[in-house]
There are 2 protein chains.
Amino acid sequence: PEKFNTKVAEVSKSIKKLGKDDPRRVIHSLKVGLALTLVSLLYYWRPLFDGFGIAGIWAVLTVVVVFEFTVGATLYKSLNRGFATLLAGALGIGAQHLASLFAEREEPIVHGILVFLLAGASTFARFFPGIKAKYDYGVLIFILTFSMITVSGFRVGELLEMAHQRLSTILIGGSACIFISIFICPVWAGGDLHNLIASNIEKLAAYLDGFGEEYFQISEDVECVTATKNDKSFPQEYKSVLASKNTEESLANFARWEPGHGKFLFRHPWKQYLKIGAFARQCAYLIETLSTQINSEDIQVPAEFVRAIEAPCTKMSSASAKALKALASSIKTMKIPIAANQHVEDCKCAVQDLKTAMESVALESLDLLAIIPAATVASVLVEIVNCVEKISESVNE
Amino acid sequence: PEKFNTKVAEVSKSIKKLGKDDPRRVIHSLKVGLALTLVSLLYYWRPLFDGFGIAGIWAVLTVVVVFEFTVGATLYKSLNRGFATLLAGALGIGAQHLASLFAEREEPIVHGILVFLLAGASTFARFFPGIKAKYDYGVLIFILTFSMITVSGFRVGELLEMAHQRLSTILIGGSACIFISIFICPVWAGGDLHNLIASNIEKLAAYLDGFGEEYFQISEDVECVTATKNDKSFPQEYKSVLASKNTEESLANFARWEPGHGKFLFRHPWKQYLKIGAFARQCAYLIETLSTQINSEDIQVPAEFVRAIEAPCTKMSSASAKALKALASSIKTMKIPIAANQHVEDCKCAVQDLKTAMESVALESLDLLAIIPAATVASVLVEIVNCVEKISESVNE
């Protein structure tokens, strides 16, 4: 029983954490509960129930399947579902009509062939990247509705009534979902994308911010090397930027379905976000290389050389961190990044400083092998500066 | 009409390409068509139809929703669907029994509260990463079935019969899917994962293979610089490795549902594949840094220095390419990578060679700024060698 108690405590702790990390999750759960209860209460309402009959169950089904976390995803699913049902219904009635021209014994065969052809073709269509991204769910519902209609074997007259019922119940379910998801604490995919991109850039800035000082502390202080090897002193959040591509793409996809809201107008340039995201990822790859440099075996770097490049390198990393921070905040407030442009200029100056510093180093006294790691860090920083410049250009657009 | 013709030609071309790229897609489409036709023909078979009544439609629905590209995904969905329906059915009957204890007027309220609580709790459960990865679809079906049962307002006796019908039709649909997906040209998620990891490693090898020679050709030959700037000479396939994390994880997830097949035993170490995949990605990040180095502004590297590091660098990159190729083929054949170990040793030798070469370079005559890019390439190559070593260790396990 004691084991059980600790287990319960653990689970309840992780539940709390999940809710605290993003309170919108709790709200979303309540919203789904609310939508389902509303729709099912409609079902109990006699006058309506008599009108729809058993078909009312489809409203419940629609709510469960269609209600997603973001407004964009909910719209995507409900619109796809609605139009696919409409299209498949029309085609299904056509197929039924076609089959009724044959003798009764041959009807099942005609149905079988039609279902085989349409299901095969639609399934293949789902492999097209363009269709997969935008209409995957719609094609699925299309196959579903079409085969259900042809298989059911009803006459055309019955079918029209059934189609009417199903469409109106789907309409009720779908509009309940859309209404609740938009008007009760909406979670906009576009807003999420916006924040994700800004916070990704901030994560990169957080790493670069302390990098210069930390790195040169390691290089100078011999005793410190083993202590900082586990590099806990460096923020590791940037790692999540490395793998954020899929999240960004699906959010951008859903954002396209959303109506204009808040700061975002109707045709907001979501593609631009993907571009900035790609540059940020490029930058994260470079940071990853920097961090492998730090973790690799330390060679004692000559103090003379370190002193020469310390100032420009620290400046490069701190100026790019400042530039990234300014860019992130200008994305957040949607203003033109004037401050960031200044920081980018600073970065470029630092790169020039580094070049002059290197030229003035007295080469004779140096061990080439020993300076390579520090030199690598310096040149990767230069690349990062280039990358920051590209991000800044895209934000300006 | 001419425009229309070219459009048609384009579409048919892209259809052909899609089919040629992976012929299993065409086969999959045919399999879905076959499964649907089979199940719907069952529906026409009088004795069976009379037994199931309208519930036979659920078999069709199950096939459409459950049939996925890989065996693992199909098993995941059909098992989740089956068990979730069973559980939700039992709970739903319990809820119905509970509600029947109240007065008739209060019943809808009890139902409403129960649906609200269960739907909210289950929706929240879907946010847990563990549940999301393994049972997301099951929880969805659970909410669906539970609310449909409570809403339908049937008596317990009717419900038992309905539950029996639904479960047996889902069983028919699900087993048809599983049977067809396993026995007709199966697509195993495990096999796909296996091939994906091996081909990812091969892509890295393809880049490194020519890298040494190409890079030093650029450095030496001044006129060549602008021509090779677009770096079409370097294979760009490695870029897909950068973003392969999600694909790998979902394949590993589905692979866990698959029974032992072919070369894979029942509890095949799928997690090990994810580990190798992560190291391969690490390596791809480093290659990305290399390629930004190549594309950045070229500074004329002194020929003397180039000559010193050319041999060891070329050897490092070609030996790591060979090691990666050997590892990929040993993954494919599932044999212990003896050849690869030899190549890894070669890499380590090359690293040592590079160190001696650097020590012997006459520093006085060099421009430090000019050698930095080449030196960076060398040191990133050293990191790649480390990475290759880690991959080789994981493959050995």
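Across all chains of this predicted model, a search of the whole structure identifies 17 aromatic pairs, a pair being counted where the ring centres of Phe, Tyr or Trp (its six-membered ring) lie within 6.5 Å, and being called stacked with planes under 30 degrees apart, edge-to-face with planes over 60 degrees apart and tilted for the rest. One of these pairs is formed by A:Y285 and B:Y285, which are stacked with 4.9 Å centre to centre and 25° between the planes. Because A:Y285 lies in helix α13 (residues 270–295) of chain A and B:Y285 in helix α13 (residues 270–295) of chain B, this pair joins two chains; helices here are DSSP runs of H or I with at least four residues, numbered from the N terminus. Both A:Y285 and B:Y285 are buried, a term that stands for under 20% relative accessible area, whereas exposed stands for over 50% and partly exposed for values in between (1.4 Å probe, protein chains only).

The rings of B:F124 and B:F128 are set at 90° to each other with centres 6.3 Å apart, and the pair is therefore edge-to-face. B:F124 and B:F128 are both buried, and together with A:F69 and B:F127 they form one aromatic cluster.

Residues are numbered from 1 along each chain as its sequence is written, while chains are lettered from A and ligands numbered from 1 in the order in which they are written. In this predicted model, local features need pLDDT of at least 70 and side-chain atom pairs count only at pLDDT 80 or more, whereas totals for chains, interfaces and linings use all residues, and side-chain values use heavy atoms, with hydrogens and water left out.

In chain A, A:K77 lies over the face of A:Y137 at 4.7 Å from the ring centre, and in chain B the charged end of B:K77 sits over the ring of B:Y137, 4.7 Å from its centre. B:K77 also takes part in a salt bridge with B:E68, in which the closest N and O atoms are 3.2 Å apart; B:K77 counts as buried at 16% relative accessibility, while B:E68 is partly exposed at 24%.

Over all chains, the search of the whole structure finds 14 salt bridges, each defined as a side-chain nitrogen of Lys or Arg within 4 Å of a carboxyl oxygen of Asp or Glu. Among them, A:K17 and A:D21 have their closest N and O atoms 3.0 Å apart, and because they are four residues apart in helix α1 (residues 2–21) of chain A, about one helical turn separates them. A:K17 is exposed, with a relative accessible area of 52%. In helix α7 (residues 129–152) of chain A, A:D136 and A:K132 are likewise four residues apart, about one turn of the helix, and their salt bridge has closest N and O atoms 4.0 Å apart. A:D136 is buried at 15% relative accessible area, whereas A:K132 is partly exposed at 47%.

Key
Lys NZ or Arg CZ within 6 Å of the ring centre and 35° of its normal.
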